[in-house]
Amino acid sequence: MKILLPYLQQNSHYAELERKNFLNDVVTTGQSWFAKMIYKNFDDVTVKFVNNIKSKELRENPKISKEICNSIKKKANEINADVIICNNFQSYISGASVVDSNIPIMYVCHENRASMSCIKHMKRLKKNNHSVFLVNEFQKNYYDAYAKRLNSDLISFDGFVEPAYLEGEKPKINNEVEFDCVTIGRCSPKYKMPYRLKSMLKDTEFKTLLMSNVKNLDSESEDGKVQYYEKNKHWKDCLYDLPHEEVIKNLTKSRTYFMTWEDECFPVVGLEALSCGVPLILNSRMTNDRGPVKRQNFKYPLHGGDKWATNKSYYKNIKHNSREELINAINSFKDIDRKEIQDMTWEKYTQVRWKKIISNAIDKTIDNFNKTNIYLALNTKSESFGITLLEAVNN
């Protein structure tokens, strides 16, 4: 199985995730994590590094996108790839100039994005007989509802892939916790918003821990990250730019893990918290009767993290930014069996299981692409003789 993996780092400020450090332990996004796992677990993967081109550059020179698309298709044919796996919405990864590829594309969507362009990208891929997979039902609810609001047909998704697995040794269970609640998230006011934990529990007796990254913040950082950090750097018990082993070690010191972002779809850190025996608290949008809001198509789950826990007692959804419910949730987990959470999590999220799910998705992508193209070829050939495919088969 030969795989071409176009790799786009979302934020150019994370220089440590460029070519020479592709397999480093430092991970800044779920999309990066997934790409690294594909490269690590499959035997014949060729990485096609794609520079992150800013929107302004693309507007000034539209040819850049087409050139990148053509280079991806060319590379796929050079290595005789069986499949192209990509997981970014950028037009030069999944746009109009790449979907005419003669090699099937397996697109894995990791996020909820409220823009018409994302719907167009996914529909364009499907129209050209490629595959589109999500990571959980939370996303499907979101995109189905969004498509309906746009009076657009629903996307025919190809299924769900397991975006992560656990490996190595189980962290030692720590029943003498130091913190009541911990959170991890990029220093971003637009997405993770990790300082919510601190602000929501200020003036309480709870002891909280925050882990984030600030190493690459500078005056050119996007989305107000610098200002966000400067405004919040006064909080105590905040740790920055830790190696992965230190992150895990600190996770074990907390009673609960708070997932601050309501639109989280790929919560790797939530899985890692569970792997340490730490239950989840999910900051979720919900109505007064605790059901899903309209933008989620009135379906469950309420949050992308709902599906991680092997038992519903291992997590709690709280109303969005509700201080009272966050406090109650933390208190409710005082006597939970942390060892049971850890054991059941490790039993389920194995590397073998993950690879089987990904392999099945690849096989489905290739099979559907080949079957559809054979059908179209036969139909075109039959029509050239003045008969339909059905008539040709019957004759």
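**A colleague's note on this model**

1. Let's start with Asn-151, which counts as exposed because its relative accessibility is 74%. On this scale, buried means under 20% relative accessible area, exposed over 50%, and partly exposed in between (1.4 Å probe, protein chains only). The phi of Asn-151 is near 55°, a positive value in a residue other than glycine. You will find Asn-151 in the loop between α6 (137–149) and β6 (179–184); helices (H or I, at least four residues) and strands (E, at least two) are DSSP runs, numbered from the N terminus.

2. Some ground rules. This is a predicted model, where local features need pLDDT of at least 70, side-chain atom pairs count only at pLDDT 80 or more, and totals for chains, interfaces and linings use all residues. Residues are numbered from 1 along each chain as its sequence is written, and side-chain values use heavy atoms, with hydrogens and water left out.

3. Now look at Asn-80, in the loop between α3 (63–78) and β3 (83–86). Its phi is near 55°, again a positive value in a residue other than glycine. With 53% relative accessibility, Asn-80 counts as exposed.

4. Do visit the loop between β10 (280–284) and β11 (315–319), where Pro-301 lies. The peptide bond leading from Tyr-300 to Pro-301 is cis, with omega near 10°.

5. Finally, confidence: pLDDT (the predictor's confidence in each residue, from 0 to 100) averages 85 over the chain, and 84% of the residues score at least 70. Over residues 11–18 pLDDT stays under 50, and the model has 25 contacts (heavy atoms within 4.5 Å) for them beyond four places in sequence. Residues 387–395 also stay under 50, with 8 such contacts.
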